[in-house]
There are 2 protein chains.
Amino acid sequence: MPSALILMADGTEEMEFTIPYDTFVRAGISCTSAFVPAPDTDGSEPHAVSPPFCKGSRGINIQPDTYLEKHKCGPEHFDLLVIPGGAKGAETLSQSPVVQELVRDYLDHDKFVGMICAGSLAALTSKLPKQQLTSHPSVRAQLENDFEYSEDSVVVSGKLVTRSLHSSRGPGTAFPFAFTLVELLCGTDKRQEVRSPMVFPLSTPF
Amino acid sequence: MPSALILMADGTEEMEFTIPYDTFVRAGISCTSAFVPAPDTDGSEPHAVSPPFCKGSRGINIQPDTYLEKHKCGPEHFDLLVIPGGAKGAETLSQSPVVQELVRDYLDHDKFVGMICAGSLAALTSKLPKQQLTSHPSVRAQLENDFEYSEDSVVVSGKLVTRSLHSSRGPGTAFPFAFTLVELLCGTDKRQEVRSPMVFPLSTPF
């Protein structure tokens, strides 16, 4: 069974977390959510306290499955690492040295990394080599000097997936983003098997 | 500020809960989630215990904002009542006598009631008069004798909204379902204002 680690922090966009998680479970992918606490204001490492919830960008409180711990969350444990957006959540995730190291480790070990919306900032802070990617328009200016910023068609740059079909730039494209990752991990048939019972409106382009 | 009460139970479909909640908050609608415990196996009333989480159909744990309490959740407090799907969650919600009474009260007081996917079962258990509605195909057989079952175009039957644009029949249509309710509560301009920054793929039909 393929497996995915989906990161979350206070301020993560709830739909960009929930849609991939839910869609992956429907595809038979084992999902684990890992919480990344915001750093202390003095800049030291986050405390390993145990908040019961992660507060999403629109106020929905979600309980993480676990804390992000490097030795439990590396590419030897999961096939896919997902970094959702939401301005404040993406900032916490992309600024975390552990997240940055994991992003590089997953790609170095030929595992998939998916970034959606402002989550693409982690490509910058992880100092990934220049390659194609996309993001929510709100963080485009921070990314376009260091990457080949793209606006159309899916961008699967090696194992880095920041875009699917027309765009993975906002929560509106969380579904095609999730479907693309299902296809990459489980094949085309599984993508269709998962998508069909969701009963999308006719002519939906993904 | 318009206000919405979104119900949840163990087994509620996470996307059908999260997408309307998040979209409504973006539209400036004040949202409250209310948890409905499953009834005891002996058939007596649910205990008012305090579970910290609602476990969604795909294993995501979400903290409800409050418990469903009739005197705090009636149509004098909210403009819209939403019943999401997910087979087990929809069963708990639709079988709850308090939910059934609230559905009738909201409609009697000319407030909106939105049902998505298997949530439409609550129209049946609340003994609403025969009218147009739709649902996830999995519960169609339970509904088509007592309602004018419809498959195309939005169904806004008085204040009962079970369908939007092409369909609100599954999680794939949770977005158009949410947008239709935003439009009904806040107007067409607000619908567009909320939808635009979500950056849907080109040619998405909602």
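I took contact to mean heavy atoms within 4.5 Å, and buried to mean under 20% relative accessible area with a 1.4 Å probe and protein chains only. This is a predicted model, in which local features need pLDDT of at least 70 and side-chain atom pairs count only at pLDDT 80 or more, while totals for chains, interfaces and linings use all residues. Residues are numbered from 1 along each chain as its sequence is written, and side-chain values use heavy atoms, without hydrogens and water.

Entry on a helix. I took helices (H or I, at least four residues) and strands (E, at least two) as DSSP runs numbered from the N terminus. In helix α8 of chain A (residues 188-195) I found A:Arg191, A:Val194 and A:Arg195 buried. They lie on the same side of α8(A), because they cover an arc of only 95° around the axis, the arc being that of the directions from the helix axis to the C-beta atoms. These buried residues pack against α1 (14-26) and α7 of chain A.

Entry on a strand. I looked next at β1 of chain B (residues 3-8), where six of six residues are buried. B:Ser3, B:Leu5 and B:Leu7 lie on one side, with B:Ala4, B:Ile6 and B:Met8 on the other. Counting strands as paired if DSSP finds at least two bridges between them, I found β1(B) joined to the parallel strand β2(B) (residues 30-35) by six bridges, and B:Ser3 stands opposite B:Ser30. Three bridges pair β1(B), also in the parallel sense, with β6(B) (residues 80-83), where B:Leu5 stands opposite B:Leu81.

Note on methods
Chains lettered and ligands numbered in written order. Buried < 20%, exposed > 50% of the residue type's maximum accessible area, 1.4 Å probe, protein only.
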